[in-house]
Amino acid sequence: MIRDTEMLNQFLDTISKFVRERLVPAENEVAENDAIPEDIVQEMKDMGLFGMTIPEEYGGLGLTMEEEVLVAIELGRTSPAFRSLIGTNNGIGSAAIVFDGTETQKQTYLPKYASGELIGSFCLTEPDVGSDAAAVKTTAVKKGDEYIINGTKRYITNAPRAGTFTVMARTDPSIKGAKGISAFIIDASTPGISLGPKDKKMGQQGSYTCDVIFEDCHVPADSIIGGVAGKGFITSMKVLDRGRLHISALSVGIAERLINDALRYAVDRTQFGKPIAEHQMIQVMLADSKAEAYAAKCMVLDAARQKDLGNKITTEASCCKLFATEMVGRVADKAVQIHGGAGYISEYAVERLYRDVRLFRLYEGTTQIQQMIIARNMIKDIQ
(Lines give C-alpha, C1' and ligand atoms only; values in the text may rest on other atoms or scores of the structure.)
Protein backbone atom coordinates (compact mmCIF):
# COMPACT_ATOMS: atom_id res chain seq x y z
CA MET A 1 0.00 0.00 0.00
CA ILE A 2 1.02 3.62 -0.48
CA ARG A 3 2.67 4.66 2.78
CA ASP A 4 1.29 8.21 3.05
CA THR A 5 -1.31 9.18 0.46
CA GLU A 6 -1.31 12.88 1.30
CA MET A 7 2.47 13.16 1.13
CA LEU A 8 2.56 11.18 -2.11
CA ASN A 9 -0.09 13.40 -3.71
CA GLN A 10 1.89 16.48 -2.75
CA PHE A 11 5.01 14.98 -4.30
CA LEU A 12 3.14 14.06 -7.49
CA ASP A 13 1.66 17.57 -7.68
CA THR A 14 5.15 19.04 -7.34
CA ILE A 15 6.48 16.86 -10.13
CA SER A 16 3.47 17.61 -12.33
CA LYS A 17 4.04 21.34 -11.89
CA PHE A 18 7.78 20.92 -12.59
CA VAL A 19 6.98 19.01 -15.78
CA ARG A 20 4.48 21.64 -16.99
CA GLU A 21 6.39 24.76 -16.04
CA ARG A 22 10.03 23.78 -16.49
CA LEU A 23 10.42 20.66 -18.61
CA VAL A 24 7.79 21.05 -21.33
CA PRO A 25 8.91 24.61 -22.19
CA ALA A 26 12.51 23.34 -22.51
CA GLU A 27 11.70 20.41 -24.82
CA ASN A 28 12.59 22.15 -28.08
CA GLU A 29 15.83 23.50 -26.66
CA VAL A 30 16.85 20.02 -25.53
CA ALA A 31 16.00 18.53 -28.92
CA GLU A 32 17.87 21.22 -30.86
CA ASN A 33 20.97 21.29 -28.64
CA ASP A 34 20.99 17.58 -27.76
CA ALA A 35 21.58 18.59 -24.14
CA ILE A 36 19.60 19.19 -20.96
CA PRO A 37 20.31 22.66 -19.46
CA GLU A 38 22.43 22.45 -16.33
CA ASP A 39 20.02 24.56 -14.28
CA ILE A 40 17.31 21.98 -14.91
CA VAL A 41 19.69 19.17 -13.95
CA GLN A 42 20.38 20.97 -10.68
CA GLU A 43 16.68 21.41 -9.98
CA MET A 44 16.17 17.68 -10.52
CA LYS A 45 18.93 17.00 -8.00
CA ASP A 46 17.40 19.40 -5.48
CA MET A 47 14.02 17.67 -5.82
CA GLY A 48 15.57 14.30 -5.03
CA LEU A 49 14.68 12.85 -8.43
CA PHE A 50 18.04 11.09 -8.80
CA GLY A 51 17.34 9.02 -5.70
CA MET A 52 13.63 8.29 -5.83
CA THR A 53 14.00 4.51 -5.52
CA ILE A 54 17.13 4.45 -3.37
CA PRO A 55 16.37 3.52 0.27
CA GLU A 56 16.02 6.40 2.69
CA GLU A 57 18.90 5.21 4.88
CA TYR A 58 21.21 5.92 1.93
CA GLY A 59 19.85 9.37 1.16
CA GLY A 60 17.08 8.48 -1.29
CA LEU A 61 13.31 8.80 -1.15
CA GLY A 62 12.73 5.05 -0.93
CA LEU A 63 9.63 4.99 -3.12
CA THR A 64 7.63 1.80 -3.35
CA MET A 65 7.07 0.28 -6.80
CA GLU A 66 3.55 1.73 -6.94
CA GLU A 67 4.83 5.16 -5.98
CA GLU A 68 7.60 4.89 -8.57
CA VAL A 69 5.23 4.09 -11.44
CA LEU A 70 2.96 7.00 -10.49
CA VAL A 71 5.98 9.31 -10.65
CA ALA A 72 7.04 7.77 -13.98
CA ILE A 73 3.61 8.51 -15.43
CA GLU A 74 3.99 12.17 -14.47
CA LEU A 75 7.49 12.33 -15.95
CA GLY A 76 6.15 10.71 -19.12
CA ARG A 77 4.24 13.86 -19.98
CA THR A 78 7.38 15.48 -21.34
CA SER A 79 10.43 14.57 -23.41
CA PRO A 80 11.83 11.14 -22.41
CA ALA A 81 15.32 12.66 -22.28
CA PHE A 82 14.63 14.20 -18.87
CA ARG A 83 13.52 10.89 -17.39
CA SER A 84 16.42 9.09 -19.03
CA LEU A 85 18.95 11.27 -17.19
CA ILE A 86 17.63 10.27 -13.78
CA GLY A 87 16.35 6.87 -14.85
CA THR A 88 19.59 4.91 -14.63
CA ASN A 89 20.26 6.19 -11.09
CA ASN A 90 16.81 5.02 -10.02
CA GLY A 91 16.80 1.83 -12.06
CA ILE A 92 19.43 -0.18 -13.85
CA GLY A 93 22.35 1.99 -12.71
CA SER A 94 21.80 1.56 -8.96
CA ALA A 95 19.29 -1.26 -8.59
CA ALA A 96 21.90 -4.02 -8.73
CA ILE A 97 23.57 -2.58 -5.63
CA VAL A 98 20.24 -1.92 -3.90
CA PHE A 99 19.16 -5.53 -4.49
CA ASP A 100 22.38 -7.48 -4.09
CA GLY A 101 25.24 -5.18 -3.09
CA THR A 102 27.34 -5.58 0.03
CA GLU A 103 26.83 -3.07 2.80
CA THR A 104 30.15 -1.45 1.90
CA GLN A 105 29.05 -1.07 -1.72
CA LYS A 106 25.75 0.42 -0.63
CA GLN A 107 27.43 2.91 1.69
CA THR A 108 29.99 3.85 -0.96
CA TYR A 109 27.72 4.40 -3.96
CA LEU A 110 24.05 4.80 -3.08
CA PRO A 111 24.28 8.20 -1.31
CA LYS A 112 26.18 9.60 -4.31
CA TYR A 113 23.59 8.23 -6.74
CA ALA A 114 20.78 9.66 -4.62
CA SER A 115 22.25 13.16 -4.64
CA GLY A 116 23.09 13.07 -8.34
CA GLU A 117 26.79 13.39 -7.58
CA LEU A 118 27.29 10.13 -9.48
CA ILE A 119 25.45 8.89 -12.56
CA GLY A 120 25.27 5.11 -12.71
CA SER A 121 25.18 3.23 -16.00
CA PHE A 122 24.30 -0.42 -16.72
CA CYS A 123 26.51 -2.37 -19.15
CA LEU A 124 24.86 -5.56 -20.41
CA THR A 125 24.28 -5.30 -24.18
CA GLU A 126 27.22 -6.10 -26.50
CA PRO A 127 27.77 -5.90 -30.27
CA ASP A 128 26.74 -9.56 -30.62
CA VAL A 129 24.69 -9.88 -27.43
CA GLY A 130 21.36 -8.19 -26.92
CA SER A 131 18.22 -10.16 -26.28
CA ASP A 132 20.29 -13.26 -25.49
CA ALA A 133 21.73 -11.72 -22.34
CA ALA A 134 23.07 -15.05 -21.07
CA ALA A 135 25.53 -15.11 -23.99
CA VAL A 136 27.71 -12.29 -22.61
CA LYS A 137 31.20 -12.38 -24.14
CA THR A 138 32.95 -9.73 -22.05
CA THR A 139 35.47 -11.57 -19.88
CA ALA A 140 36.71 -10.98 -16.35
CA VAL A 141 39.81 -13.06 -15.62
CA LYS A 142 40.90 -13.30 -12.00
CA LYS A 143 44.57 -12.71 -11.22
CA GLY A 144 45.47 -12.48 -7.57
CA ASP A 145 43.16 -10.06 -5.81
CA GLU A 146 41.84 -8.42 -8.96
CA TYR A 147 39.98 -9.11 -12.21
CA ILE A 148 41.08 -8.08 -15.69
CA ILE A 149 38.11 -7.15 -17.87
CA ASN A 150 38.03 -7.15 -21.67
CA GLY A 151 35.08 -6.57 -23.98
CA THR A 152 32.78 -4.00 -25.57
CA LYS A 153 29.35 -2.93 -24.37
CA ARG A 154 26.92 -1.27 -26.79
CA TYR A 155 24.04 1.26 -26.62
CA ILE A 156 24.84 2.06 -22.99
CA THR A 157 22.48 4.73 -21.68
CA ASN A 158 24.12 7.67 -19.90
CA ALA A 159 27.61 6.23 -20.54
CA PRO A 160 29.04 9.64 -21.57
CA ARG A 161 27.87 11.05 -18.22
CA ALA A 162 28.54 8.01 -16.05
CA GLY A 163 30.62 8.00 -12.90
CA THR A 164 30.21 4.25 -12.45
CA PHE A 165 29.40 1.26 -14.63
CA THR A 166 27.57 -1.86 -13.54
CA VAL A 167 29.20 -4.41 -15.83
CA MET A 168 28.10 -7.94 -16.66
CA ALA A 169 31.15 -10.07 -17.49
CA ARG A 170 31.90 -13.76 -17.75
CA THR A 171 34.07 -14.86 -14.82
CA ASP A 172 33.84 -18.58 -15.54
CA PRO A 173 34.52 -19.36 -19.24
CA SER A 174 33.82 -23.04 -18.65
CA ILE A 175 30.15 -22.17 -18.10
CA LYS A 176 28.59 -20.90 -21.32
CA GLY A 177 25.23 -19.86 -19.90
CA ALA A 178 23.97 -17.46 -17.28
CA LYS A 179 25.74 -19.04 -14.28
CA GLY A 180 29.16 -17.99 -15.54
CA ILE A 181 28.31 -14.26 -15.44
CA SER A 182 29.17 -11.87 -12.61
CA ALA A 183 28.17 -8.25 -11.98
CA PHE A 184 30.88 -5.67 -11.25
CA ILE A 185 30.64 -2.08 -10.02
CA ILE A 186 33.46 -0.13 -11.68
CA ASP A 187 34.54 3.51 -11.42
CA ALA A 188 34.32 5.17 -14.83
CA SER A 189 37.79 6.69 -14.41
CA THR A 190 39.45 3.26 -14.11
CA PRO A 191 42.33 2.84 -16.60
CA GLY A 192 41.44 0.58 -19.49
CA ILE A 193 37.95 2.06 -20.02
CA SER A 194 37.24 4.13 -23.12
CA LEU A 195 34.05 5.40 -24.73
CA GLY A 196 32.95 5.34 -28.33
CA PRO A 197 31.35 8.40 -29.97
CA LYS A 198 27.82 9.29 -28.90
CA ASP A 199 25.26 7.39 -30.95
CA LYS A 200 23.19 9.40 -33.43
CA LYS A 201 19.68 8.20 -32.69
CA MET A 202 16.28 8.42 -34.38
CA GLY A 203 14.89 10.26 -31.37
CA GLN A 204 15.36 11.07 -27.69
CA GLN A 205 17.88 13.84 -28.27
CA GLY A 206 19.42 14.91 -24.97
CA SER A 207 19.63 11.28 -23.85
CA TYR A 208 23.06 9.82 -24.58
CA THR A 209 24.21 6.32 -25.45
CA CYS A 210 27.55 5.02 -26.67
CA ASP A 211 29.90 2.03 -26.63
CA VAL A 212 31.90 1.34 -23.46
CA ILE A 213 35.16 -0.47 -24.23
CA PHE A 214 37.18 -2.42 -21.67
CA GLU A 215 40.79 -3.20 -22.59
CA ASP A 216 42.81 -4.92 -19.85
CA CYS A 217 40.82 -3.03 -17.25
CA HIS A 218 42.05 -4.03 -13.78
CA VAL A 219 39.46 -3.90 -11.00
CA PRO A 220 39.64 -5.13 -7.38
CA ALA A 221 38.05 -8.50 -6.66
CA ASP A 222 35.69 -6.83 -4.21
CA SER A 223 34.16 -4.96 -7.17
CA ILE A 224 31.86 -7.96 -7.70
CA ILE A 225 28.40 -6.87 -6.58
CA GLY A 226 27.44 -8.83 -3.51
CA GLY A 227 30.93 -10.30 -3.30
CA VAL A 228 29.88 -13.59 -4.93
CA ALA A 229 30.88 -14.55 -8.46
CA GLY A 230 28.37 -16.16 -10.84
CA LYS A 231 25.31 -14.27 -9.58
CA GLY A 232 25.36 -11.45 -12.13
CA PHE A 233 22.66 -12.76 -14.45
CA ILE A 234 20.27 -13.30 -11.55
CA THR A 235 20.96 -9.74 -10.43
CA SER A 236 20.35 -8.35 -13.92
CA MET A 237 17.00 -10.13 -14.16
CA LYS A 238 15.90 -8.56 -10.86
CA VAL A 239 16.92 -5.20 -12.24
CA LEU A 240 15.01 -5.72 -15.48
CA ASP A 241 11.77 -6.74 -13.76
CA ARG A 242 11.61 -3.37 -12.05
CA GLY A 243 12.87 -1.51 -15.10
CA ARG A 244 10.18 -3.00 -17.32
CA LEU A 245 7.44 -1.74 -15.03
CA HIS A 246 9.05 1.69 -15.00
CA ILE A 247 9.19 1.89 -18.81
CA SER A 248 5.59 0.67 -18.97
CA ALA A 249 4.50 3.50 -16.67
CA LEU A 250 6.51 6.00 -18.68
CA SER A 251 4.70 4.78 -21.81
CA VAL A 252 1.37 5.47 -20.11
CA GLY A 253 2.43 9.03 -19.28
CA ILE A 254 3.57 9.77 -22.82
CA ALA A 255 0.38 8.24 -24.23
CA GLU A 256 -1.66 10.55 -22.01
CA ARG A 257 0.38 13.54 -23.23
CA LEU A 258 -0.12 12.51 -26.87
CA ILE A 259 -3.86 12.04 -26.36
CA ASN A 260 -4.18 15.44 -24.71
CA ASP A 261 -2.23 17.15 -27.52
CA ALA A 262 -4.28 15.38 -30.19
CA LEU A 263 -7.56 16.22 -28.44
CA ARG A 264 -6.68 19.91 -28.15
CA TYR A 265 -5.67 20.03 -31.80
CA ALA A 266 -8.87 18.25 -32.85
CA VAL A 267 -11.02 20.72 -30.90
CA ASP A 268 -9.23 23.74 -32.40
CA ARG A 269 -8.87 22.51 -36.00
CA THR A 270 -11.89 23.17 -38.23
CA GLN A 271 -12.72 21.25 -41.41
CA PHE A 272 -16.03 20.99 -43.30
CA GLY A 273 -17.47 23.73 -41.12
CA LYS A 274 -16.87 22.19 -37.69
CA PRO A 275 -14.02 21.10 -35.38
CA ILE A 276 -12.52 17.83 -36.54
CA ALA A 277 -13.17 16.48 -33.02
CA GLU A 278 -16.83 16.29 -34.04
CA HIS A 279 -16.09 13.93 -36.93
CA GLN A 280 -16.70 10.32 -35.98
CA MET A 281 -13.51 8.92 -37.49
CA ILE A 282 -11.45 11.33 -35.39
CA GLN A 283 -13.52 10.37 -32.34
CA VAL A 284 -12.78 6.70 -32.95
CA MET A 285 -9.02 7.34 -32.87
CA LEU A 286 -9.33 9.43 -29.72
CA ALA A 287 -11.55 6.88 -27.98
CA ASP A 288 -9.37 3.90 -28.90
CA SER A 289 -6.28 5.74 -27.65
CA LYS A 290 -7.95 6.64 -24.36
CA ALA A 291 -9.14 3.08 -23.76
CA GLU A 292 -5.72 1.57 -24.51
CA ALA A 293 -3.89 4.03 -22.28
CA TYR A 294 -6.33 3.34 -19.45
CA ALA A 295 -5.90 -0.40 -19.84
CA ALA A 296 -2.10 -0.08 -19.71
CA LYS A 297 -2.31 2.12 -16.61
CA CYS A 298 -4.47 -0.44 -14.82
CA MET A 299 -2.03 -3.22 -15.74
CA VAL A 300 0.99 -1.29 -14.50
CA LEU A 301 -0.60 -0.31 -11.20
CA ASP A 302 -1.76 -3.87 -10.55
CA ALA A 303 1.69 -5.33 -11.24
CA ALA A 304 3.37 -2.66 -9.11
CA ARG A 305 1.09 -3.44 -6.18
CA GLN A 306 1.83 -7.14 -6.53
CA LYS A 307 5.55 -6.42 -6.45
CA ASP A 308 5.14 -4.30 -3.32
CA LEU A 309 3.37 -7.24 -1.70
CA GLY A 310 6.45 -9.34 -2.37
CA ASN A 311 4.99 -11.43 -5.18
CA LYS A 312 7.10 -12.59 -8.13
CA ILE A 313 5.99 -10.47 -11.08
CA THR A 314 8.33 -11.46 -13.91
CA THR A 315 5.43 -12.51 -16.15
CA GLU A 316 3.32 -9.52 -15.19
CA ALA A 317 6.22 -7.11 -15.80
CA SER A 318 6.69 -8.58 -19.27
CA CYS A 319 2.94 -8.33 -19.95
CA CYS A 320 3.05 -4.65 -19.00
CA LYS A 321 6.15 -3.97 -21.08
CA LEU A 322 4.65 -5.77 -24.08
CA PHE A 323 1.27 -4.04 -23.94
CA ALA A 324 2.21 -0.54 -22.78
CA THR A 325 5.09 0.04 -25.19
CA GLU A 326 3.12 -1.28 -28.17
CA MET A 327 0.17 0.81 -26.98
CA VAL A 328 2.09 4.07 -26.92
CA GLY A 329 3.35 3.38 -30.43
CA ARG A 330 -0.22 3.01 -31.66
CA VAL A 331 -1.32 6.12 -29.77
CA ALA A 332 1.56 8.14 -31.24
CA ASP A 333 0.62 6.99 -34.74
CA LYS A 334 -3.02 8.02 -34.22
CA ALA A 335 -1.91 11.36 -32.76
CA VAL A 336 0.09 12.10 -35.91
CA GLN A 337 -2.91 11.07 -38.03
CA ILE A 338 -5.23 13.39 -36.11
CA HIS A 339 -2.81 16.27 -36.63
CA GLY A 340 -2.75 15.50 -40.35
CA GLY A 341 0.08 17.20 -42.22
CA ALA A 342 0.88 19.24 -39.11
CA GLY A 343 1.79 16.01 -37.33
CA TYR A 344 4.71 15.53 -39.70
CA ILE A 345 6.12 18.98 -38.96
CA SER A 346 8.55 19.56 -36.09
CA GLU A 347 6.59 22.61 -34.95
CA TYR A 348 4.34 20.20 -33.09
CA ALA A 349 5.61 17.99 -30.24
CA VAL A 350 3.76 14.99 -31.66
CA GLU A 351 6.35 14.65 -34.45
CA ARG A 352 9.19 14.38 -31.94
CA LEU A 353 7.31 12.12 -29.53
CA TYR A 354 6.39 9.79 -32.40
CA ARG A 355 10.11 9.16 -32.91
CA ASP A 356 10.93 9.11 -29.21
CA VAL A 357 8.52 6.34 -28.25
CA ARG A 358 9.78 3.92 -30.91
CA LEU A 359 12.68 3.02 -28.64
CA PHE A 360 10.42 1.71 -25.88
CA ARG A 361 9.61 -1.42 -27.89
CA LEU A 362 13.33 -2.21 -28.12
CA TYR A 363 15.16 -1.60 -24.86
CA GLU A 364 14.65 -3.37 -21.53
CA GLY A 365 13.84 -6.39 -23.71
CA THR A 366 12.15 -6.18 -27.12
CA THR A 367 8.47 -6.89 -27.63
CA GLN A 368 9.38 -10.29 -29.02
CA ILE A 369 11.47 -11.13 -25.94
CA GLN A 370 8.54 -10.20 -23.70
CA GLN A 371 6.33 -12.56 -25.70
CA MET A 372 8.88 -15.35 -25.23
CA ILE A 373 9.14 -14.74 -21.48
CA ILE A 374 5.37 -14.71 -21.03
CA ALA A 375 4.81 -17.88 -23.04
CA ARG A 376 7.69 -19.79 -21.43
CA ASN A 377 6.48 -18.88 -17.95
CA MET A 378 2.93 -19.95 -18.84
CA ILE A 379 4.21 -23.35 -20.00
CA LYS A 380 6.47 -23.74 -16.95
CA ASP A 381 3.60 -22.95 -14.58
CA ILE A 382 1.55 -25.96 -15.72
CA GLN A 383 4.40 -28.48 -15.83
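The protein chain splits into domain 1 (5–115), domain 2 (120–231) and domain 3 (234–382), with bounds taken from an automatic or database domain assignment. Keep in mind that this is a predicted model: local features need pLDDT of at least 70, side-chain atom pairs count only at pLDDT 80 or more, and totals for chains, interfaces and linings use all residues. Residues are numbered from 1 along each chain as its sequence is written, and side-chain values use heavy atoms, with hydrogens and water left out.

Now look at where domain 2 meets domain 3. Their centres, taken over C-alpha atoms, are 30 Å apart. Eight residues of domain 2 are in contact with eleven of domain 3 (heavy atoms within 4.5 Å). Together the two domains bury about 970 Å², 63% of it on carbon and sulfur atoms; buried area here is the accessible area (1.4 Å probe) that two parts lose on being put together, summed over both. On the domain 2 side, Met202, Gln204 and Lys231 supply 48% of the area buried against domain 3, more than any other three residues.

What about salt bridges between domain 2 and domain 3? The count is zero, taking a side-chain nitrogen of Lys or Arg within 4 Å of a carboxyl oxygen of Asp or Glu as the criterion.

For the rings, phenylalanine 165 and phenylalanine 214 pair up edge-to-face, 6.5 Å centre to centre with 80° between the planes (pairs need centres within 6.5 Å; planes under 30 degrees apart are stacked, over 60 edge-to-face, the rest tilted).

Note on methods. Rings of Phe, Tyr and Trp (its six-membered ring) pair if their centres lie within 6.5 Å; planes under 30 degrees apart count as stacked, over 60 as edge-to-face and the rest as tilted.
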